[in-house]
Amino acid sequence: MDTLPEATHLFEAQRPRLLRLAYRMLGSVAEAQDVVQDAWLRWQRADVSEVRNVPAFLNRIVTRLCLDAMKSARVQRETYIGSWLPDPLPEPDDDLRADNLTLTLMLALERLSPLERAAFLLHDVFGTPMDEIAATLDRDVATVRQLASRARRNVQSDKPRYPVARDDGERIAMAFLDATRTGDVDSLRAILAEGVRIVSDGGGKVLAFPNAIVGLDKALRLYSGLFRKYGDVESIVRQIWIDGLPGYVSVYNGTLPTTSFEIEDRRITAIYKIRNPDKLIHISEKIGTIQ
């Protein structure tokens, strides 16, 4: 069991799940990949023959590495320019999307403490037993139950009441694109909710709205003004679901920004635009397979 090929096989069998866990903890594909690579290096140094429960052992390594990474990540986000959104995950991405968490719920996870986030993900998403989580977090089982319970209450409050049907989501996403590309304010008014929020993540590297824009009137003035100033400057690469939400990947000034939509009662309640090129690297890598 302790030969290199066998140890490698054991780790690789767990890699997709470890990547999902690290991404859900950190909200960054690149950081998740770094954490899993670090876990691999630690695994190579371990006496694998003494490991009785490989998934639990690797869960513990990755979770603790993520908790360490989150300390610096929170500091970085305090100085992040503009709104921060998790890296977009386009379908298909079986390795990272298997747990079906949406962007909406990823944003809800951001409001949790690192320990709450770990307890919730490990228990509610990855089905890890409480005693195993307690050992991973170095807390007693009662404390872990409280952490998971508080996290669950916060996350549940952000779940959509009625998930949008796939056909409806795709139709509304295309209606939005058509309306913004033609400057059709009346069509926009018909599909945007009264309290619609627009969040744009540029990371200070490309032009983006520094703060969320909230409200129908502000949204209509924004898109009307953008059309008058720039006209139709965005061409779609492909309509696609991103982080469980309908949307599309487009081309703008040589980049591949993603746009996704929260939809309730057939109206768009939130628009998420990711333009930070650092967050779009994996989109560029996959674009050949989704065209």
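The model is predicted, so to speak of local features a pLDDT of at least 70 is needed, side-chain atom pairs count only at pLDDT 80 or more, and totals for chains, interfaces and linings use all residues. Residues are numbered from 1 along each chain as its sequence is written, and side-chain values use heavy atoms, with hydrogens and water left out.

## The strands

Let us start with the strands. Helices (H or I, at least four residues) and strands (E, at least two) are DSSP runs, numbered from the N terminus. Two strands pair if DSSP finds at least two bridges between them.

| Strands | Sense | Bridges |
|---|---|---|
| E1 (residues 192–201) and E6 | parallel | six |
| E5 (residues 258–264) and E6 | antiparallel | seven |
| E4 (residues 245–251) and E5 | antiparallel | three |
| E3 (residues 235–242) and E4 | antiparallel | seven |

How much of strand E6 is buried? A residue is buried when its relative accessible area is under 20%, exposed when it is over 50%, and partly exposed in between (1.4 Å probe, protein chains only). Seven of the eight residues of E6 (residues 267–274) are buried, so the strand is largely enclosed by the rest of the structure. Individual bridges can be found by residue: Asp-201 has Ile-274 of E6 as its partner, and Glu-262 is bridged to Ala-270 of E6.

Strand E5 is also largely enclosed by the rest of the structure, because six of its seven residues are buried. The hairpin of E5 and E6 has two residues between the strands, and Asp-265 there takes a positive phi near 55°.

Six residues lie between E4 and E5 in their hairpin, where Asn-253 in the turn has a positive phi of about 50°. Six of the seven residues of E4 are buried, so E4 is largely enclosed by the rest of the structure. The hairpin of E3 and E4 has two residues between the strands, and Asp-243 in its turn shows a positive phi of about 55°.

## Helix H11

Now for a helix. The expected span of a helix is 1.5 Å times one less than its number of residues. The 15 residues of H11 should therefore span 21 Å, and its end C-alpha atoms are 21 Å apart, which agrees. Among the buried residues of H11 are Leu-216, Leu-220 and Tyr-223. The buried residues of this helix pack against H9, helix H10 (185–191), E1, strand E2 (213–214) and E6, where contact means heavy atoms within 4.5 Å. After H11 comes Gly-231, with a positive phi near 70°.

## Pocket and cavity

Rolling a probe the size of a water molecule over the atoms shows where empty space is left. On a 1 Å grid over the protein atoms alone, a cavity is a set of points where a 1.4 Å probe fits but cannot get out, while a pocket is an open set with protein on both sides within 12 Å along at least five of seven lines; lining residues have an atom within 4 Å of a point. Grid points are joined across faces, edges and corners, and a volume is the space filled by probe spheres set on the points.

The largest pocket has a volume of about 600 Å³. It is lined by 22 residues, of which Phe-209, Tyr-223, Leu-226, Tyr-252 and Lys-273 are the closest to its centre. Helix H9 (166–182), E1, helix H11 (216–230) and E6 each give two or more residues to this lining. Which element gives the most to the lining of the largest pocket? H11 does, with four residues.

There is one cavity of 30 Å³ or more. The largest cavity holds about 40 Å³ of space. Its lining includes Met-25, Arg-74 and Glu-110. Helix H1 (4–26) and helix H3 (54–78) give two or more residues to that lining, and the largest share, four residues, comes from H3.
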